Amino acid sequence: MFQCYPKPENYRYYTGYPKDLGPSRIIPFTSERQFVQLLHEGRPVVVAFTIKCTYTQHLDKVLEEAAATFYPHIKFVRVECPKYPGFCLTRQRNEYPFVEVFYNPEQAASQGKSVDPNITKYSVKVLPFNYDQSLYGFREYFKKHGFKYSETN
């Protein structure tokens, strides 16, 4: 179902030297409800869709550094696809790991009567992350798309 594909051209800027980043700032995916609540906070959310493989180990290090650097302005979430296959399969990708950026939640215009008045609909834009998988790549991506951030490290 899930296959790990190497993308070594996406890894050229990560230096790999250990840094003391403090506690992890990556939010583990636990449910779609939790994810929607995170989107409702109004900050961009970088989502890494992962499986266990050697390329994911590299991506984990990059995500840890980026999450610590851009906290709290940009949130980072890791989805372990074998645990949450339904959520991952909705992205219609077959190469793992991959990264997407969700941002700009806006309350959607209600079309007709809602079945449950407690349900709030949101419109979220999703962009593929096709830059270098490194702190530098995230920084350049955020600049290009106009995401506001300040670096904490």
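The torsion about the S-S bond of Cys81 and Cys88 is about -85 degrees, so the disulfide they form is left-handed. Its sulfur atoms lie 2.1 Å apart, S to S, and a disulfide is here a pair of cysteine sulfur atoms within 2.5 Å. A disulfide is a covalent bond between the sulfur atoms of two cysteines. A search of the whole structure finds 1 disulfide. Cys81 and Cys88 are both buried, where buried means under 20% relative accessible area, exposed over 50%, and partly exposed in between, with a 1.4 Å probe and protein chains only.

The model is predicted: local features need pLDDT of at least 70 and side-chain atom pairs count only at pLDDT 80 or more, while totals for chains, interfaces and linings use all residues. Residues are numbered from 1 along each chain as its sequence is written, and side-chain values use heavy atoms, with hydrogens and water left out.

The protein chain holds 4 helices and 7 strands; these are DSSP runs numbered from the N terminus, helices being H or I of at least four residues and strands E of at least two. Along the sequence their order is β-β-α-β-α-β-α-β-β-β-α.

Strand E2 (residues 26–28) pairs with E4 in the parallel sense over 3 bridges, pairing being assigned if DSSP finds at least two bridges between two strands. Within this pairing, Ile27 has Val77 of E4 as its bridge partner. Strand E3 (residues 45–50) also runs parallel to E4, joined to it by 6 bridges; here Ala48 is partnered by Arg78 of E4. E3, helix H2 (residues 54–70) and E4 form a right-handed β-α-β unit. A crossover is called right-handed if, with the strands pointing away from the viewer, the path from the first strand over the helix to the second runs clockwise.

Gln34, a residue of H1 (residues 32–40), is in contact with Ile27, Pro28 and Phe29, leaving aside its neighbours within four places in sequence; contact means heavy atoms within 4.5 Å. Gln34 counts as buried because its relative accessibility is 19%.

For the chain as a whole, 39% of the 153 residues count as buried. The accessible surface comes to about 9200 Å², with 49% belonging to carbon and sulfur atoms; areas come from the Shrake-Rupley method with a 1.4 Å probe, and for residues only the protein chains shown count as cover. Among contacts with a separation of 6 or more, 75% are between residues 24 or more positions apart.
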